[in-house]
Amino acid sequence: MEHYLILVLVISLWGMGCQPDPQFVILEGELPDLQNEKLVFTAMSDFFPGLGSTAPLAETRTDSNGYFYFKVPLDAAQYVQITQSNYGRLEYDLLLEPGDSIYVKQSSWRDDPSLRFSGRGAAKLRHLEADFRLFPKDTPFYDKLKSKDFPTSTDFLQFMDSLKSLRLEALAANDTISAKQRVRFEQDIHFEHADFLLAHLERRNYYMERKFEYYYPDSAYLSFLNEIDFESSSYESSLAKKFAGSYLTYKARLAFQEEVADDWWKKHLFWKFDYVRGLPANAWKDQLALSTVMAYSEGLLLDSFFQEFTYFREAMTFSEPASQGLFDSLSRDYGQLAPGMMAPDFTLPNASGELVSLSDFKGKVVYLDFWGTWCYPCIQEIPNALKLKDEFKDENVVFLYVALEYNEKNIANWKQFIQGKDENFGEFLDYKPFPGIHLVAEKQFRNEAIQPYKINFAPTFVLIDQEGRIQKARADRPKEISEEIQALLDKEKQDQALVIKDNRY
């Protein structure tokens with residue numbers, strides 16, 4: 001019997017030794033802006049910028065210097081991205097092949113811009129280093145975009161055109177990359193160029209005149225759209241997907257050009273649903289449909305959101321199964337925020353470092369306020385918040401304030417703020433402590449504990465009933481929420497009265 005077991009063991013080990021080793025890629029490097037953060041290694045086919053991915057290939061955490069390491073099985077060449085909190089964190093999608101072992105070092109956006117690749121397989125990425133030197137997207141670059149260096153939109157267009165020409169010329173002169181890589185990167189340059197030009201329309205009036213109004217350019221400015229192949233099936237890159245969202249917003253802006261601002265935000269998402277539904281099935285339509293998910297957080301403000309979303313989801317057809325899967329995965333979580341669903345629990349520290357959970361308050365109405373000391377509109381809400389709390393001071397209501405603060409320094413400032421000791425804004429509290437229950441979410445919107453709430457703007461309010469169920473995932477502001485809170489309290493009293501009545505009989 002012992003000889004038999006030994007023989008089986010030897011045969012098993014021999015069989016394992018004869019198996020070909022899986023082919024791996026190693027990607028490691030330094031991202032100084034991402035210290036002690038979770039990173040995800042993602043194939044581009046399973047990822048949409050700002051929304052996330054369906055099937056991450058691997059996860060890891062950076063160390064205190066931003067160093068990361070991935071070793072991932074890979075049986076064919078593919079483009080990948082390192083993502084964090086649903087956003088790509090490398091400046092470019094990287095083409096990796098089985099057997100590659102690549103070290104990437106990308107500077108902090110605060111430093112002089114630099115991008116370096118080394119190791120086995122790095123040669124095919126050298127053109128990215130050259131492109132990054134031409135188009136660093138560092139602090140001075142973004143400061144220039146926000147300045148008044150461009151008196152007219154034509155000036156801005158010419159500036160961006162000059163950058164695009166430099167990038168295309170450098171790409172044409174590079175003879176170290178394959179023809180297939182060249183085509184994809186050339187497309188990406190056009191996508192990124194177009195995305196910056198469309199984004200400028202959202203911001204131009206604010207940069208120039210501090211007005212929150214969309215800028216409608218003349219037809220000459222929009223000539224860059226003629227360079228985009230909307231029939232192409234190559235919409236897998238993160239830049240192409242990002243452009244899809246900007247383009248759809250641009251089309252909606254045109255549709256509501258004569259509308260006032262309030263009508264725009266209340267109607268644009270449902271207009272996007274109708275527009276995308278009417279397009280022929282192809283890869284471009286897939287990406288436009290995926291880009292609508294970016295507006296669902298704002299859409300939750302509308303009572304008809306879930307009805308319209310359900311109709312869109314049932315009527316939408318995708319040309320690619322991967323796109324369908326990605327859309328279903330990314331939009332499914334919003335269903336967890338529908339009225340009547342259990343509010344996602346979370347645990348966060350208070351100012352003393354004690355951990356507090358949302359579920360601790362089950363049995364009470366909870367008015368949840370996601371805010372931040374960096375957010376002036378949030379601070380402006382404080383007088384109304386104080387009045388609301390005073391109105392319900394003797395009722396079964398909890399006012400739970402979750403501050404979205406980035407780092408230890410910001411958290412220290414928050415502690416001073418809620419004590420009424422802030423030199424700039426203490427007047428909003430009359431230099432007294434801020435009543436209520438206060439928790440803090442480090443890393444702001446990227447805090448993992450609050451991710452289920454899909455928050456991307458502040459202030460955001462959530463109303464939760466006594467059973468812990470969501471009444472509104474985007475509730476009204478303190479000045480307007482009183483009646484809904486009272487309705488929940490009245491229902492509780494009515495239910496208690498019925499129970500007492502039933503017990504009597």
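A disulfide is a pair of cysteine sulfur atoms within 2.5 Å. This predicted model holds one disulfide. The partners are C375 and C378, with their sulfur atoms 2.3 Å apart.

**Disulfide**
- C375 and C378 pair through sulfur atoms that lie 2.3 Å from each other, inside the 2.5 Å cut-off.
- The torsion about the S-S bond of C375 and C378 is about 80 degrees, so this disulfide is right-handed.
- Both cysteines, C375 and C378, are buried.

**Loop between β16 and β17**
- Strand β16 covers residues 437-442, strand β17 covers 460-464, and P459 sits in the loop between them.
- A cis peptide bond links A458 to P459. Its omega is about 0 degrees.
- K454 belongs to the loop between β16 and β17.
- The phi of K454 is positive, near 50 degrees, and K454 is not a glycine.
- K454 has 18% relative accessibility, so it counts as buried. The cut-off for buried is under 20%.

**Loop between β7 and β8**
- S85 is found in the loop that runs between β7 (78-84) and β8 (87-88).
- S85 is a residue other than glycine with a positive phi, near 50 degrees.
- The relative accessibility of S85 is 24%, so S85 is partly exposed. That class lies between the buried limit of 20% and the exposed limit of 50%.

**Strand β13 and S357**
- S357 is part of strand β13, which spans residues 355-357.
- S357 has a relative accessible area of 14% and is therefore buried, since buried means under 20%.
- The side chains of S357 and T347 make a polar contact at 2.6 Å.
- With neighbours within four places in sequence set aside, S357 is in contact with D345, F346 and T347.

Definitions and conventions:
Residues are numbered from 1 along each chain as its sequence is written. This is a predicted model: local features need pLDDT of at least 70, side-chain atom pairs count only at pLDDT 80 or more; totals for chains, interfaces and linings use all residues. Side-chain values use heavy atoms; hydrogens and water are left out. Buried means under 20% relative accessible area, exposed over 50%, partly exposed in between (1.4 Å probe, protein chains only). Helices (H or I, at least four residues) and strands (E, at least two) are DSSP runs, numbered from the N terminus. A polar contact is a pair of N or O atoms within 3.5 Å; within protein, one must be able to donate a hydrogen and the other to accept it, and residues adjacent in sequence count only if both atoms are side-chain atoms. Contact means heavy atoms within 4.5 Å.
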